[in-house]
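Trainee: I have this model open and would like to walk through it with you. Where do we start?
Mentor: With a term we will need, once the model is on screen.

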Amino acid sequence: MTMPKIGLALGAGGARGFAHIGVLQVFEQAGIPIDAIAGSSMGSLIGAFYASGMETRYMEMLAKNLKRKHFVDFTIPRLGFVAGNKITEMIRLLTKDMNIEDGKIPLAVVATDVEKGERVVFRQGPMYRAVRASISIPGVFVPCFYDNRVLIDGGVIDRVPVTACRELGVDLVIAVDVGLYNKELPVRSIFDVFFQSIEIMEREILKTRILDANLVIRPDVGHISTAAFVQVEECIEQGRKAARQAIDQIRQTIDDWKGEQAVGDSVNS
């Protein structure tokens with residue numbers, strides 16, 4: 001019987017987004033196919049790495065060895081503290097300068113047009129440019145100026161891009177939410193103020209949009225700060241743990257879909 005096309009909607013969450021790597025690893029181990037990915041912010045970065053053909057073990061190695069000096073280039077704050085040139089070049093190299101439409105699976109990258117207040121979904125063009133736009137946390141990164149638009153973090157308008165994933169033509173959407181949801185974290189720096197203000201806004205927007213997912217995986221990373229790039233291993237392991245716990249439910253969802261298709265085929269025959 002035909003398998004459903006399965007899409008992953010990988011959400012925003014800064015350093016907590018490394019949990020997506022653990023989720024991808026468990027899907028591979030369990031033989032759950034990934035036919036498409038849509039990502040916002042950190043989810044777009046991991047999604048682009050996967051779509052470009054990077055193995056998840058290399059993603060894990062990269063994440064564990066990543067230091068702020070590799071991707072942070074401070075600038076005189078006018079539109080943001082971080083210029084973003086370093087991370088742009090890093091993404092370009094790691095995605096092999098690939099265009100989105102040339103990836104091994106369909107990919108959608110979500111950003112926000114800050115002037116028009118619109119969701120922007122990239123499904124073609126350079127991966128690195130789309131991801132640079134999607135990770136542009138307002139107030140932290142200088143916005144991405146691309147195609148006559150001023151683009152910022154995709155999570156601002158669509159933290160877990162379920163709709164963008166479904167638009168890729170999949171049958172089932174599995175959402176991975178690495179947000180704070182009901183957790184509280186202390187504010188210790190100006191960056192915590194930026195990150196958590198955005199989290200609060202995103203949480204309210206997400207409440208209705210995530211309902212369109214067939215299944216939601218929530219790694220237990222709500223206690224980890226968005227900026228905690230020193231807790232990478234814990235984030236990845238929590239992604240693995242949450243995905244393992246969801247495997248039976250995923251297989252049941254696949255079986256239910258197959259059953260519905262079989263009934264539909266018998267009715268139409």
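Mentor: A residue is called buried when its relative accessible area is under 20%. Keep in mind that this is a predicted model.

Trainee: Which ones are they in H6?
Mentor: The buried residues of H6 are Met127, Tyr128, Ala130, Val131, Arg132, Ala133 and Ser134. Note that an arginine and a serine are on that list, as Arg132 and Ser134.

Trainee: And what about the whole chain, what percentage counts as buried?
Mentor: Of the 269 residues of the protein chain, 56% count as buried.

Trainee: How many helices and strands are there?
Mentor: The protein chain has 9 helices and 10 strands.

Trainee: What share of the contacts join residues at least 24 apart in sequence?
Mentor: That share is 75%, taken among contacts between residues at least 6 apart in sequence.

Trainee: On to the core. Which residues of the largest nonpolar core touch the most other members?
Mentor: Phe18, Phe27, Ile37, Phe122, Ile217 and Ile250 do, out of 65 residues in that core.

Trainee: Which helix gives the most to this core?
Mentor: Helix H9, residues 232–268, gives the most, with 10 residues.

Trainee: What else is there in the way of cores?
Mentor: There is a second, separate core of 15 residues, and Ala36, Val110, Val170 and Val173 are among them.

Trainee: Back to Phe122. What is it in contact with, sequence neighbours aside?
Mentor: Leaving out neighbours within four places in sequence, Phe122 is in contact with Ile100, Leu107, Ala108, Val109, Ala111, Ala130, Ala133, Tyr146 and Leu151.

Trainee: Now helix packing. At what angle do H1 and H2 pack?
Mentor: Helix H1 (residues 19–30) and helix H2 (residues 42–51) pack at about 40°, and their axes are 10 Å apart. The two helices are therefore oblique to each other.

Trainee: Is that crossing left-handed or right-handed?
Mentor: H1 and H2 cross in a right-handed way.

Trainee: Which residues make the contact?
Mentor: H1 supplies His20, Ile21, Leu24 and Glu28, while H2 supplies Gly43, Ile46 and Tyr50. By class, that contact has 4 nonpolar, 2 polar and 1 charged residues.

Trainee: What about H1 and H3? How are they packed?
Mentor: H1 and helix H3, residues 56–65, pack at an angle of about 160°, with axes 10 Å apart. That makes H1 roughly antiparallel to H3, since the cut-off for that is over 145 degrees. The crossing of H1 with H3 is left-handed.

Trainee: And which residues meet there?
Mentor: Ile21, Leu24, Gln25 and Glu28 of H1 meet Thr56, Arg57, Met59, Glu60 and Ala63 of H3. The residues of that contact divide into 4 nonpolar, 2 polar and 3 charged.

Trainee: Ile21 and Leu24 of H1 are in that list, and I saw them in the contact with H2. Why would residues three or four places apart point the same way in a helix?
Mentor: An α-helix has 3.6 residues a turn, so residues at that spacing point the same way.

Trainee: Is Ser41 buried or exposed?
Mentor: Ser41 counts as buried, at 5% relative accessibility.

Trainee: What about Lys96?
Mentor: Lys96 is also not a glycine, and its phi is positive, near 60°. Lys96 sits in the loop between helix H5 (85–94) and strand S4 (107–113). With a relative accessible area of 52%, Lys96 is exposed.

Trainee: Last two. Where is Ala164, and what does it contact?
Mentor: Ala164 is in helix H7, residues 162–166, and counts as buried at 0% relative accessibility. Leaving aside neighbours within four places in sequence, Ala164 is in contact with Ala38, Ala108, Val110, Arg119 and Val121.

Trainee: And Arg244?
Mentor: Arg244 is in helix H9 and is partly exposed, with a relative accessible area of 44%. Leaving aside neighbours within four places in sequence, Arg244 is in contact with Val26 and Glu237. The C-alpha atoms of Arg244 and Phe27 are separated by 8.4 Å, although the two are 217 residues apart along the chain.

Methods
Residues numbered from 1 in each chain as written. Predicted model: local features only at pLDDT ≥ 70, side-chain atom pairs only at ≥ 80, totals over all residues. Heavy atoms only, no water. Core = buried A, V, L, I, M, F, W, Y, C linked by side-chain atoms within 4.5 Å. Buried < 20%, exposed > 50% of the residue type's maximum accessible area, 1.4 Å probe, protein only. Helix = DSSP H or I, 4+ residues; strand = E, 2+ residues; numbered from the N terminus. Contact = heavy atoms within 4.5 Å. Axes fitted to C-alpha atoms, helices over the stretch in contact; angles between N-to-C directions. Parallel < 35°, antiparallel > 145°, perpendicular 65-115°, else oblique. Left-handed = near helix turned anticlockwise from the far one by under 90°. Nonpolar A, V, L, I, M, F, W, Y, C, P; charged D, E, K, R; others polar.
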